[in-house]
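Dear colleague,

I am handing over the structure below, followed by what was found in it.

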Amino acid sequence: MAVLNVHERILRADGERVGTLVDSLASGADDRLWPHGSWPAMRLDPCLAVGARGGHGPIRYTVSAYEPGVRARFEFTGPRGFVGYHEFTVRPLEDGERTLLRHTLAMTTHGPARVSWPLVFRWLHDALAEDALDRAELACSGTVARPARWSPYVRLLRGVITRLPRR
């Protein structure tokens with residue numbers, strides 16, 4: 001199954017400012033983009049750089065491209081059956097005062113992922129991506145015009161997952 005999943009937000013900030021949010025990924029408490037308060041933290045060894053390995057929760061990846069202030073791409077190495085990448089990109093708009101921040105997930109699914117993506121991971125991914133864009137908007141403007149809301153299904157999935165034994 002081919003998957004193309006895109007989330008984006010136009011932020012009232014120049015490209016350089018938005019780029020610093022992407023550059024802060026996986027930097028622990030200083031990460032201003034990843035919603036680590038509500039979701040498993042993104043961790044990279046050693047840091048955001050091409051070749052770094054890491055992930056968040058059960059999602060594993062390697063940094064395959066990194067252009068500071070412009071984009072960070074993460075190639076999936078797990079879970080089994082996820083073949084592709086997710087990335088954040090920064091695109092300043094012509095007015096110089098606004099910037100498009102985009103999160104793209106592009107992959108094909110195989111084996112068990114053909115079931116786990118549409119039933120579980122897609123819903124959690126969408127909620128996490130919108131939470132990250134909310135953090136970006138908050139960092140750039142001090143407020144979030146329309147905060148993301150978790151659906152009842154996302155709340156159910158999160159409730160089930162928190163009760164599962166840790167590996």
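This is a predicted model: local features need pLDDT of at least 70, side-chain atom pairs count only at pLDDT 80 or more; totals for chains, interfaces and linings use all residues.

Cys140 is buried, its relative accessible area being 7%, where buried means under 20% relative accessible area, exposed over 50%, and partly exposed in between, with a 1.4 Å probe and protein chains only. Cys47, by contrast, counts as partly exposed at 41% relative accessibility. A search of the whole structure finds zero disulfides, a disulfide being a pair of cysteine sulfur atoms within 2.5 Å.

Residues are numbered from 1 along each chain as its sequence is written, and side-chain values use heavy atoms, with hydrogens and water left out.

The helix packing comes next. Helices (H or I, at least four residues) and strands (E, at least two) are DSSP runs, numbered from the N terminus. Contact means heavy atoms within 4.5 Å, and axes are lines fitted to C-alpha atoms, for helices over the stretch in contact, with angles running from 0 to 180 degrees between N-to-C directions.

The axes of H1 and H2 come within 11 Å and cross at roughly 135°. That makes H1 oblique to H2, on a scale where angles under 35 degrees count as roughly parallel, over 145 as roughly antiparallel, 65 to 115 as roughly perpendicular and the rest as oblique. H1 passes H2 in a right-handed crossing; a crossing is left-handed if the near helix is turned anticlockwise from the far one by less than a right angle, and right-handed if clockwise.

The contact is made by Leu119, Val120, Trp123, Leu124 and Ala127 of H2 together with Tyr153, Val154, Leu157, Arg158 and Ile161 of H3.

Helix H3 itself has 12 residues (residues 152-163), which at 1.5 Å a residue should span 16 Å, and its end C-alpha atoms are 17 Å apart, which agrees; the expected span is 1.5 Å times one less than the number of residues. The buried residues of H3 are Val154, Leu157 and Gly159, and what covers them includes helix H2 (113-141). Val160, also in helix H3, is partly exposed, with a relative accessible area of 44%, and its C-alpha atom is 18 Å from that of His56, 104 residues apart from it in sequence.

Within helix H2, Ala132 counts as buried at 0% relative accessibility. If residues up to four places away in sequence are not counted, Ala132 touches Leu33, Pro35 and Phe88, and its C-alpha atom is separated by 8.8 Å from that of Arg32, 100 residues apart along the chain.

Leaving aside residues up to four places away in sequence, Arg43 touches Ala26, Arg53, Gly54 and Gly55, whereas Gly57, 14 residues apart from Arg43 in sequence, is 9.4 Å apart in space, C-alpha to C-alpha. Ala26 lies in the loop between helix H1 (15-23) and E2, is buried at 17% relative accessibility, and has a phi near 65°, a positive value in a residue other than glycine.

Two peptide bonds deserve a look as well. The one from Asp45 to Pro46 is cis, with omega near 10°, and Pro46 sits in the loop between E2 and strand E3 (53-56). The bond from Gly78 to Pro79 is likewise cis, with omega near 5°, and Pro79 is in the loop between strand E5 (71-78) and strand E6 (82-92). As background, most residues other than glycine have a negative phi, and most peptide bonds are trans.
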